[in-house]
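Please look over the model shown here before reading on. The report describes selected parts of its fold.

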Amino acid sequence: MATKGPRRHHRRRHTKPKIASTTELIPSGPTSVHHLPDHLLELVLLRVGSSLALLRAAFTCKSWRSIIADTAFLRRFRPFHEPHVAGHYHIVHPISHDKLPPDGNNQVFVPDTAMANALNRRHFALDFLPDLDWELGDSRGGLLLLYRRNIRRHPELLFPDMIVCDPLTRRYQGILSWKEMYQARCLGLFLLDGVAADDTDSSYISMSNFRVVVVVYGTPTASVFTSGSDGSWQENAAGSGGVPIPEFHLISFVGRVGPSLYWRMEGEGVVLALDETTMEFSLVTFPYTVVGWPDESSAFRVIGGHRVDLRVVRIINKRDLAVFAQLQGSGEWVIEKLVRLPQATCRLLGYGETYSQRPAKIVTANMRYILVKPREDVSWIVSVDLQTLEVEWAHERNNYAGAAYPYELPWPPALQACRADGGQAPQED
């Protein structure tokens, strides 16, 4: 019987996986942002601070421009960024003897302070419009809405002929008054975004895709004009919640916040609101400490932004400018910002504080600044910067006593992008 010898233990050889040489992962020479893959570069570009900065980035190189010009990218970018306001169109108030601009129109463009040296004002002139008898009614995106009005014959605003224009491209489209609403008194007329192409697309405004809504007095109704080859009017009627609407002269437009328009009704403790999305009217109740007393309509405004909740701007104690905000959860209204106008204006002008003892008046208000008359019986205006709460006397916008409308850079931006197939993306209006 054979005996077994000692068992030999064979060691298994463990083969280590080959690790790619670091020289294969890192490109030779210095690296830069251009080595980022497109999906990471998109994440970087989505965090660009504003639409103006995005336009500047688009001119960096062809690859950046191609990404930025893509419709899907622009759709993702828009909800996270406020539209960039290049400046405001101020209405020249004839009663206040405001100086008319060189083109003879009764509205003047005042650039934003940060862009004053970068913009050529000639690009915002309205001298291309037929005739000069137009009054500015609203703005949205890169478009303006103007209308004809004969104040001497009809002090109240009647359903007018209108015109929509793009100052940068110098294009315009006329809109005739709706015959069914002939001589109807109006509470205001406004520009709305155009109709979205489908459920997945977001709406935007351009010369080929816009809507106009005219709010008619009485039982409030909203008449909507939709642009296109067969542009036409349509009436959307809705009640005011059963509360009687006061006399025409007791209703005043006080602002637009998000998708809603607001009117102050003297003698009522509520504010009339129109939802632009549903075209339905409703009544919004504010405490009297916020909305003010019935005779204080000139001292009340609402403001807000793309991602900013509604704020109320009001003159309190007849002399102080207050901004009210609503607390989350409790719904309580509190003073968020306060400017004591007598001290601020008298310090600027060298008057005693007794000079500003009479009621102040809000001329116009937005999220950037508020124009105020320290006394209703004076012609001069000061502006309050809502970021710094500084009161300015010498700013150019203080020269105009009419309403002011923001002008936003057009969206989507007009870009000619070189694509991978060698073609070019078409320009948007």
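## Basis of the report

This is a predicted model, in which local features need pLDDT of at least 70 and side-chain atom pairs count only at pLDDT 80 or more, while totals for chains, interfaces and linings use all residues. Residues are numbered from 1 along each chain as its sequence is written, and side-chain values use heavy atoms, with hydrogens and water left out.

Helices (H or I, at least four residues) and strands (E, at least two) are DSSP runs numbered from the N terminus.

## Helices 3 and 4

Helix 3 (residues 51–58) packs against helix 4 (residues 62–69) at an angle of about 140°, and their axes are 8 Å apart. Axes are lines fitted to C-alpha atoms, for helices over the stretch in contact, and angles run from 0 to 180 degrees between N-to-C directions. The two helices are therefore oblique to each other; angles under 35 degrees count as roughly parallel, over 145 as roughly antiparallel, 65 to 115 as roughly perpendicular and the rest as oblique.

Helix 3 contributes Leu54, Ala57 and Ala58 to the contact, and helix 4 contributes Trp64, Arg65 and Ile68 (contact means heavy atoms within 4.5 Å).

Four strands form an open sheet in the order 3-4-5-6, with antiparallel pairing. Two strands pair if DSSP finds at least two bridges between them. Strand 3 (135–140) and strand 6 (171–175) are the edge strands, each pairing on one side only. From one strand to the next, the twist averages 20°.

Strand 5 (residues 162–166) is joined to strand 6 by 5 bridges. Met162 has Ile175 of strand 6 as its bridge partner.

## Nonpolar cores

The largest nonpolar core has 22 residues, and Met162 is among those with the most contacts inside it, as are Phe159, Val164 and Trp233. Such a core is a set of buried Ala, Val, Leu, Ile, Met, Phe, Trp, Tyr and Cys residues joined through side-chain atoms within 4.5 Å; buried means under 20% relative accessible area, with a 1.4 Å probe and protein chains only. Strand 8 (210–216) is one of the strands that supply at least two residues, and strand 8 gives the most, with 4 residues.

Not counting residues up to four places away in sequence, Met162 touches residues including Leu145, Val212 and Trp233. A second, separate core of 20 residues includes Ile303 and Leu341.

Another open sheet of 4 strands has the order 19-20-21-22 and antiparallel pairing. Its edge strands are strand 19 (361–365) and strand 22 (391–392). Strand 21 (residues 382–385) is joined to strand 22 by 2 bridges, and Ser383 stands opposite Glu392 in strand 22.

Terms used: Buried means under 20% relative accessible area, exposed over 50%, partly exposed in between (1.4 Å probe, protein chains only).
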